[in-house]
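Dear colleague,

Please find below the structure I promised to pass on to you. My notes on it follow directly after.

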Amino acid sequence: PQLDANQAQNAAILLKVAQTMAKLGVAPFPRNYELFYEALSGHNPQLSREFAALGAHPQQNQIEQLGVKYHLSGFAAIEADTIRADTARSIAAVAHALKDSIAKKDVFTAMLRSFITRLETDPVAGMSDFADDTARLRDAAAVFEREEKAIVQAMNETVAQLGGIDSDIEAMRKAATRDPITGLPNRIAFSAKLTALYDDGKAVGPAALALVTVEGLREMGDRHGATTVEKALKKLAPEFRKSVKKNDF
């Protein structure tokens, strides 16, 4: 009876995902199924609340923003595109500000050179002319100083933004290469490790592969539900970490 109940519960969740997506008119993309399953299964209460806040007519861009925010693996490509676009905008903004600053610096330099030339070639210039030139230089210097401070502030803000982008990239990398339940490297990370070891068809050094099977997980899930299996895996994960050497994968 317990087995039938768990199977019925899992089937009900999957049916609810499909029905909800159809009712809301959401495109049947695999990444959308992933988000709806995470939201409706209750694994992440905060995600479930934000999902509910989307209302009866969620737009695809809203769904994707939510998937990117919670670093769901199906949205990794979209997150990567967003990061690239944000980085490009930040760099372009700094480049534009620097170009404008250089142009203003050139103008100020030309004014200063012209003033020096007049002093050298016209030693009998009137005090009023000298005062006027000095005032213009003083005003130009003040404007230039303000512009330089603005540039410094813009660059500091851009550096901070790029630091945030770096954090997003790291979060995306972890989401793509880590199992969400145990935090251990997943199949994608394993494939990348194998590629690194045998990139040119030859091993970079001696290597060994150990396969470990945890017996009884399927039966545990059938009897007690998926939540119990997840708890068991979370308890097993530290044991696996402690059982390998520091440089082992």
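Ala 80 lies in helix 5, which covers residues 76–121. In this predicted model, Ala 80 has a relative accessibility of 16% and therefore counts as buried, the cut-off being under 20%. Although 93 residues separate Ala 80 from Arg 173 in sequence, their C-alpha atoms are 9.8 Å apart in space.

In general, nonpolar side chains tend to be buried together in soluble globular proteins. Here, the largest nonpolar core has 15 residues, and those touching the most other members are Val 26, Leu 35, Phe 36, Phe 51, Ile 63, Leu 66 and Phe 75. At least two residues of this core come from each of helix 1 (2–24), helix 2 (30–41), helix 3 (45–52) and helix 4 (60–69). Leaving aside residues up to four places away in sequence, Phe 36 touches Val 17, Thr 20, Met 21, Leu 24, Val 26, Phe 51 and Ile 63.

Finally, I turn to a pair of helices. Helix 8 (residues 217–224) packs with helix 9 (residues 226–242) at an angle of about 140 degrees, and their axes are 7 Å apart. Helix 8 contributes Leu 217, Met 220, Gly 221 and His 224 to the contact, while helix 9 contributes Ala 226, Thr 228, Val 229, Ala 232 and Leu 233. Sorted by class, this contact comprises six nonpolar and three polar residues, with no charged ones.

With kind regards

Notes:
Residues are numbered from 1 along each chain as its sequence is written. This is a predicted model: local features need pLDDT of at least 70, side-chain atom pairs count only at pLDDT 80 or more; totals for chains, interfaces and linings use all residues. Side-chain values use heavy atoms; hydrogens and water are left out. A nonpolar core is a set of buried Ala, Val, Leu, Ile, Met, Phe, Trp, Tyr and Cys residues joined through side-chain atoms within 4.5 Å. Buried means under 20% relative accessible area, exposed over 50%, partly exposed in between (1.4 Å probe, protein chains only). Helices (H or I, at least four residues) and strands (E, at least two) are DSSP runs, numbered from the N terminus. Contact means heavy atoms within 4.5 Å. Axes are lines fitted to C-alpha atoms, for helices over the stretch in contact, and angles run from 0 to 180 degrees between N-to-C directions. Ala, Val, Leu, Ile, Met, Phe, Trp, Tyr, Cys and Pro count as nonpolar, Asp, Glu, Lys and Arg as charged, and the others, Gly among them, as polar.
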